[in-house]
Amino acid sequence: MSFDYDQDFDHIDFRKNPEKYQVGRGEQGVLLVEPYKSEILPHWRFKTPDIAEESSEAIYNLYLEYKKNKGFVGMDMARKFLQMGYTRSRRYANYKGGKKYDKEGEINEREIDEEKAEAARIFEEKWIKVREDETYLAMKKEHRNKYESGKT
(Lines give C-alpha, C1' and ligand atoms only; values in the text may rest on other atoms or scores of the structure.)
Protein backbone atom coordinates (compact mmCIF):
# COMPACT_ATOMS: atom_id res chain seq x y z
CA MET A 1 0.00 0.00 0.00
CA SER A 2 1.36 3.42 -0.88
CA PHE A 3 1.43 6.24 1.64
CA ASP A 4 -1.47 8.70 1.28
CA TYR A 5 0.10 12.15 1.15
CA ASP A 6 -3.29 13.64 0.18
CA GLN A 7 -4.69 13.46 3.70
CA ASP A 8 -5.49 16.79 5.35
CA PHE A 9 -2.43 16.72 7.59
CA ASP A 10 -2.96 20.35 8.63
CA HIS A 11 -6.23 19.49 10.34
CA ILE A 12 -5.91 15.89 11.57
CA ASP A 13 -4.96 15.26 15.18
CA PHE A 14 -3.53 11.75 14.95
CA ARG A 15 -3.65 11.29 18.72
CA LYS A 16 -7.42 11.68 18.55
CA ASN A 17 -7.69 9.91 15.19
CA PRO A 18 -5.16 7.04 15.18
CA GLU A 19 -7.28 5.25 12.58
CA LYS A 20 -6.12 7.83 9.99
CA TYR A 21 -2.44 7.08 10.61
CA GLN A 22 -0.50 4.98 8.13
CA VAL A 23 2.78 3.36 9.09
CA GLY A 24 4.10 3.64 5.54
CA ARG A 25 7.68 2.75 4.71
CA GLY A 26 10.71 4.04 6.53
CA GLU A 27 10.29 7.69 7.43
CA GLN A 28 7.17 8.47 5.36
CA GLY A 29 5.06 11.19 6.96
CA VAL A 30 7.57 11.92 9.71
CA LEU A 31 7.25 15.70 9.30
CA LEU A 32 3.48 15.69 8.79
CA VAL A 33 1.83 13.78 11.64
CA GLU A 34 0.68 16.03 14.47
CA PRO A 35 0.82 16.43 17.41
CA TYR A 36 3.76 14.00 17.41
CA LYS A 37 5.91 15.94 14.98
CA SER A 38 5.75 19.00 17.23
CA GLU A 39 6.50 16.93 20.33
CA ILE A 40 9.48 15.06 18.89
CA LEU A 41 11.08 17.45 16.37
CA PRO A 42 12.47 19.90 18.97
CA HIS A 43 14.60 17.06 20.35
CA TRP A 44 15.94 15.88 16.99
CA ARG A 45 19.62 16.87 16.56
CA PHE A 46 22.68 15.00 15.31
CA LYS A 47 25.58 17.42 14.75
CA THR A 48 27.99 15.71 17.18
CA PRO A 49 27.99 12.39 19.05
CA ASP A 50 27.18 14.18 22.33
CA ILE A 51 24.23 15.97 20.74
CA ALA A 52 23.11 12.72 19.07
CA GLU A 53 23.28 10.91 22.41
CA GLU A 54 21.16 13.54 24.13
CA SER A 55 18.72 13.70 21.22
CA SER A 56 18.29 9.97 20.74
CA GLU A 57 17.81 9.50 24.49
CA ALA A 58 15.12 12.22 24.60
CA ILE A 59 13.31 10.70 21.63
CA TYR A 60 13.60 7.21 23.09
CA ASN A 61 12.14 8.48 26.38
CA LEU A 62 9.20 9.93 24.41
CA TYR A 63 8.84 6.50 22.79
CA LEU A 64 8.66 4.89 26.24
CA GLU A 65 6.06 7.44 27.35
CA TYR A 66 3.92 6.75 24.27
CA LYS A 67 4.36 3.02 24.90
CA LYS A 68 3.26 3.40 28.53
CA ASN A 69 0.13 5.19 27.30
CA LYS A 70 -0.46 2.55 24.58
CA GLY A 71 -0.09 5.19 21.89
CA PHE A 72 1.13 3.32 18.84
CA VAL A 73 1.16 6.35 16.54
CA GLY A 74 3.54 8.19 18.89
CA MET A 75 5.67 5.08 19.22
CA ASP A 76 5.96 4.76 15.46
CA MET A 77 6.68 8.45 15.02
CA ALA A 78 9.49 8.21 17.60
CA ARG A 79 10.82 5.24 15.61
CA LYS A 80 10.73 7.33 12.43
CA PHE A 81 12.65 10.19 14.06
CA LEU A 82 15.29 7.77 15.37
CA GLN A 83 15.56 6.25 11.90
CA MET A 84 15.81 9.72 10.37
CA GLY A 85 18.52 10.63 12.88
CA TYR A 86 20.47 7.63 11.64
CA THR A 87 19.92 8.24 7.92
CA ARG A 88 20.65 11.97 8.04
CA SER A 89 23.76 11.69 10.18
CA ARG A 90 24.93 8.81 7.97
CA ARG A 91 24.47 11.03 4.90
CA TYR A 92 26.58 13.75 6.55
CA ALA A 93 29.12 11.13 7.58
CA ASN A 94 29.47 9.97 3.97
CA TYR A 95 29.32 13.26 2.08
CA LYS A 96 30.75 16.66 3.02
CA GLY A 97 27.88 18.99 3.79
CA GLY A 98 25.44 16.10 3.42
CA LYS A 99 25.42 16.58 -0.34
CA LYS A 100 25.30 13.21 -2.08
CA TYR A 101 24.93 14.72 -5.57
CA ASP A 102 26.81 17.53 -7.29
CA LYS A 103 25.25 20.24 -9.47
CA GLU A 104 25.35 17.94 -12.51
CA GLY A 105 23.48 15.19 -10.68
CA GLU A 106 26.54 12.99 -10.30
CA ILE A 107 27.28 11.27 -7.00
CA ASN A 108 29.95 13.09 -5.00
CA GLU A 109 32.94 11.16 -3.76
CA ARG A 110 32.54 9.83 -0.24
CA GLU A 111 34.56 11.50 2.48
CA ILE A 112 33.92 9.69 5.75
CA ASP A 113 33.48 11.98 8.76
CA GLU A 114 34.07 9.75 11.80
CA GLU A 115 32.30 12.13 14.18
CA LYS A 116 29.10 12.03 12.09
CA ALA A 117 29.47 8.27 11.70
CA GLU A 118 29.49 7.96 15.50
CA ALA A 119 26.36 10.14 15.70
CA ALA A 120 24.73 7.78 13.19
CA ARG A 121 25.73 4.75 15.27
CA ILE A 122 24.14 6.30 18.37
CA PHE A 123 20.82 6.85 16.59
CA GLU A 124 20.98 3.41 14.97
CA GLU A 125 21.32 1.75 18.37
CA LYS A 126 18.07 3.32 19.63
CA TRP A 127 16.30 2.79 16.29
CA ILE A 128 17.09 -0.94 16.39
CA LYS A 129 15.95 -1.14 20.01
CA VAL A 130 12.57 0.31 19.04
CA ARG A 131 12.00 -1.57 15.79
CA GLU A 132 12.75 -4.90 17.51
CA ASP A 133 10.63 -4.19 20.61
CA GLU A 134 8.03 -6.97 20.88
CA THR A 135 5.34 -4.57 22.10
CA TYR A 136 6.00 -2.21 19.20
CA LEU A 137 5.89 -5.06 16.68
CA ALA A 138 2.61 -6.40 18.09
CA MET A 139 1.01 -2.95 18.14
CA LYS A 140 2.22 -2.25 14.60
CA LYS A 141 0.66 -5.48 13.36
CA GLU A 142 -2.57 -4.72 15.22
CA HIS A 143 -2.71 -1.18 13.81
CA ARG A 144 -2.15 -2.36 10.26
CA ASN A 145 -4.75 -5.13 10.57
CA LYS A 146 -7.33 -2.85 12.15
CA TYR A 147 -6.88 0.32 10.11
CA GLU A 148 -4.76 -0.31 7.03
CA SER A 149 -5.87 -3.65 5.65
CA GLY A 150 -7.99 -3.35 2.55
CA LYS A 151 -6.87 0.21 1.75
CA THR A 152 -5.07 0.80 -1.52
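Here's a quick briefing on the fold, the salt bridges and a charged patch in this chain. It's a predicted model, where local features need pLDDT of at least 70, side-chain atom pairs count only at pLDDT 80 or more, and totals for chains, interfaces and linings use all residues. Residues are numbered from 1 along each chain as its sequence is written, and side-chain values use heavy atoms, with hydrogens and water left out.

**Overall fold**
- The chain has 5 helices and 0 strands, with helices being DSSP runs of H or I with at least four residues, strands runs of E with at least two, both numbered from the N terminus.
- Buried residues make up 39% of the 152 residues; buried means under 20% relative accessible area, exposed over 50% and partly exposed in between (1.4 Å probe, protein chains only).

**Salt bridges**
- The count comes to 10 salt bridges, each a side-chain nitrogen of Lys or Arg within 4 Å of a carboxyl oxygen of Asp or Glu.
- K67 and D133 pair up at 2.9 Å, N to O. K67 sits in helix α2 and D133 in the loop between α4 and α5, so the pair ties together parts 66 residues apart in sequence.
- D133 counts as buried at 15% relative accessibility, while K67 is partly exposed at 25%.
- Within helix α2, E65 and K68 are 3 residues apart, about one turn, and their side chains meet at 3.6 Å, N to O.
- In helix α4, E125 and R121 are 4 residues apart and bridge at 3.2 Å, N to O.
- E118, R121 and E125 are linked in a salt-bridge network.
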